[in-house]
Amino acid sequence: MTKHRLSLVFIAAALLAAFAASAQARSNISCESREYRYNRCETDTDGYARLLSQQSQAPCIRGQTWGYDDRGVWVDKGCAGEFEVGGGSRYDRPQSYPEPRSYPEPRSYQEPRPRY
């Protein structure tokens with residue numbers, strides 16, 4: 001193999017190993033808000049968490065009834081779910097929770113007035 005091809009193979013192998021290590025560092029936890037109260041489930045999130053499945057009738061809405069920080073996942077107002085945590089990267093980290101946007105009402109089409 002030429003040096004150029006060998007370099008590309010080495011880089012590809014390094015990237016694959018880094019991705020695999022990141023994916024392996026993730027784990028799943030269950031967390032629930034009992035009696036509609038706030039609850040924190042301590043775990044190392046490594047800057048990443050996502051809801052895998054909701055296990056409650058109460059809605060699980062990120063930033064409202066569940067969220068996470070470096071200490072773990074929190075739930076509130078009856079939310080219960082299975083969460084994937086860990087193995088985050090700087091691209092997974094939330095910058096902020098956006099505020100709900102209000103969109104203007106669509107303009108209604110006015111029928112042209114008949115000319116007599």
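Trainee: How many salt bridges does a search of the whole structure find?

Mentor: The search finds four salt bridges in this predicted model.

Trainee: Why is the contact of Asp69 and Arg40 called a salt bridge?

Mentor: The criterion is a side-chain nitrogen of Lys or Arg within 4 Å of a carboxyl oxygen of Asp or Glu. For Asp69 and Arg40 the N to O value is 3.1 Å, so the pair qualifies. The two residues lie in distant parts of the chain, 29 residues apart, with Asp69 in strand S4 (residues 66-69) and Arg40 in strand S2 (residues 39-42).

Trainee: What makes Asp69 partly exposed?

Mentor: Its relative accessibility is 26%.

Trainee: What links Arg40, Asp69 and Arg71?

Mentor: A network of salt bridges links them. Arg71 and Asp69 meet through their side chains at 3.7 Å, N to O, which is within the 4 Å limit.

Trainee: How do you know that Glu84 and Arg50 form a salt bridge?

Mentor: Their closest N and O atoms are 2.7 Å apart, and the cut-off is 4 Å, so the pair meets the criterion. This pair also connects distant parts of the chain: Glu84 belongs to strand S6 (residues 80-85) and Arg50 to strand S3 (residues 49-54), 34 residues apart.

Trainee: Are Glu84 and Arg50 buried or partly exposed, and why?

Mentor: Glu84 has a relative accessible area of 14%, under the 20% limit, so Glu84 is buried. Arg50 has 40%, which lies between 20% and 50%, so Arg50 is partly exposed.

Definitions and conventions
Residues are numbered from 1 along each chain as its sequence is written. This is a predicted model: local features need pLDDT of at least 70, side-chain atom pairs count only at pLDDT 80 or more; totals for chains, interfaces and linings use all residues. Side-chain values use heavy atoms; hydrogens and water are left out. Helices (H or I, at least four residues) and strands (E, at least two) are DSSP runs, numbered from the N terminus. Buried means under 20% relative accessible area, exposed over 50%, partly exposed in between (1.4 Å probe, protein chains only).
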